Amino acid sequence: MKNLLDLDPAALTQWLAERGQKPFRARQLLRWVHQRFESDFASMTDLAGGFRTSLAGEAAVVGPTVIRDTTAADGTRKWLLDAGGGNAVEAVYIPETDRGTLCISSQAGCALDCAFCSTGRQGFNRNLTTGEIVGQLWHANRMLLADGDPTSPAAQSRRAHSALSGDSAAAKPRASLDHPAPWVEAGHAPITNVVMMGMGEPLANFENVVPALRLFLDDNAYGLSRRRVTLSTSGLVPWIDRLRDECPVALAVSLHAPTDELRDRLVPINRKHPLATLMAACVRYIERAPRDFVTFEYVMLDGVNDQPVHARALIDLVRDVPCKLNLIPFNPFAGSGFTTSPRERIRAFAATLQDAGLVATVRKTRGDDIDAACGQLAGQVHDRTRRRLATRIHVSAAR
Ligand code: SAH
Ligand code: SF4
């Protein structure tokens, strides 16, 4: 069975051509799947009956399996999605007054082992498929649209379920339920921005990530502008160049240290692609990028990378790169060995950068009460769920 979420526009056109179908059929199908979030071919009323029947025989639209769905007091919503084999990944929806952003995962776990990252701690499990990456956006849009209409069956059953399970976070009225997000026109997709900043290193899964990006951008699918799709990387230099050539979306680079000596320790991939080559790649990227700047992310670690000397070295480092700096308060997790810089020090660090003429902002933390912030996306499966998944795996292994 072919999962249509796995096929980018070119692949879908090709797949249909092999079945004697014209390219406009691909456009129709893309709109049904990625704009109306329909998974039932029988409901795709403007497709010929015979075509619908043959599609149903060899294709399906398969979204993710949700293990847990939690909403924070500030409206941030996190879906824990089954990645098989006892693993899970997370997608996080962040509503703001003028936009709705979805933070998407690209891998189950991550091999790059950054010292301060809980995803890195769990090691690498596997690459997500294109369908699993696109499925996060497909699912979030579909659920948020359903909830936006309080009379929809999905919204009603969710409310009933929340009340029954006594899940206090989920039982809270959602912003989108009682006050539809103002940027959402009736029937339109609620997600306006995508950031590939969830679990995993997206450029280490280039072959599956790029087709997903193409769907995010395609007018017959999600139709997002390149500026509204951001890919965050820890700095895989050759792949930054390939991304520039094949699909230059907005680029964020996880810098976290201004010298090779420190970055080698915090972001081990730096030993392979040191700062000078990384900065050069950023400059090359900007020549072709949809935004005229790179966003540098810099996690603020108490006493490690947050001193005035680091700020000054950082100013020197990024001098030739059109950029913005985003300072991220470290999100602590058990056994990390790091603590968050005090708020005053973060403010002083930002002020030093700003005084040197750089654009520097401090990231607001969102969804604190549901562990939805950067670096906390560890696909934690709580004990009860973990046991259930483990049982399932044993059962299928025993078959
Ligand atoms: N692998 C990619 C994208 C996912 S991580 C990357 O590293 O860029 C998204 C961002 O969260 C990165 O900037 C990452 O360094 C940061 N991050 C990881 N762990 C964190 C933590 N515990 N606290 C704050 N930010 C963290
Ligand atoms: Fe991987 Fe990014 Fe975490 Fe580093 S920060 S371990 S690259 S997910």
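Is His256 buried or exposed? Please examine that residue closely and then connect it with the rest of the chain.

Tutor: This is a predicted model, in which local features need pLDDT of at least 70, side-chain atom pairs count only at pLDDT 80 or more, and totals for chains, interfaces and linings use all residues. Residues are numbered from 1 along each chain as its sequence is written, chains are lettered from A and ligands numbered from 1 in the order in which they are written, and side-chain values use heavy atoms, with hydrogens and water left out.

His256 is buried, with a relative accessible area of 4%. Buried means under 20% relative accessible area, exposed over 50%, and partly exposed in between, with a 1.4 Å probe and protein chains only. His256 lies in the loop between β11 (250–254) and α11 (260–266). Helices (H or I, at least four residues) and strands (E, at least two) are DSSP runs, numbered from the N terminus. Although His256 is not a glycine, its phi is positive, at about 70°.

Asp113 is placed in the loop between β7 (107–109) and α4 (118–121), but it counts as partly exposed, at 46% relative accessibility. Asp113 is also one of the residues around ligand 2, together with Cys110, Leu112, Cys114, Cys117, Gly120, Gly200, Glu201 and Ser234; a residue is near a molecule if one of its heavy atoms lies within 4 Å of it.

Two further loop residues are buried. Ser336, in the loop between β13 (323–329) and α14 (343–355), has a relative accessible area of 6%. Not counting residues up to four places away in sequence, Ser336 touches Ala115, Arg121 and Phe330, where contact means heavy atoms within 4.5 Å. Ala372 is found in the loop between β14 (359–362) and α15 (383–398) and has a relative accessible area of 8%. Its C-alpha atom is 8.5 Å from that of Ala72, although the two residues are 300 apart along the chain.

In soluble globular proteins, nonpolar side chains tend to be buried together.

Leaving aside neighbours within four places in sequence, the contacts of Phe296 include Val253, Leu255, Cys282 and Cys323. The structure holds 0 disulfides, a disulfide being a pair of cysteine sulfur atoms within 2.5 Å. For Cys282, the nearest cysteine sulfur is that of Cys323, 8.7 Å away. Cys282 counts as buried, at 0% relative accessibility.

Finally, the whole chain provides the setting. The chain has 15 helices and 14 strands, and 53% of its 399 residues count as buried. Among contacts in the chain with a separation of 6 or more, 66% join residues 24 or more positions apart.
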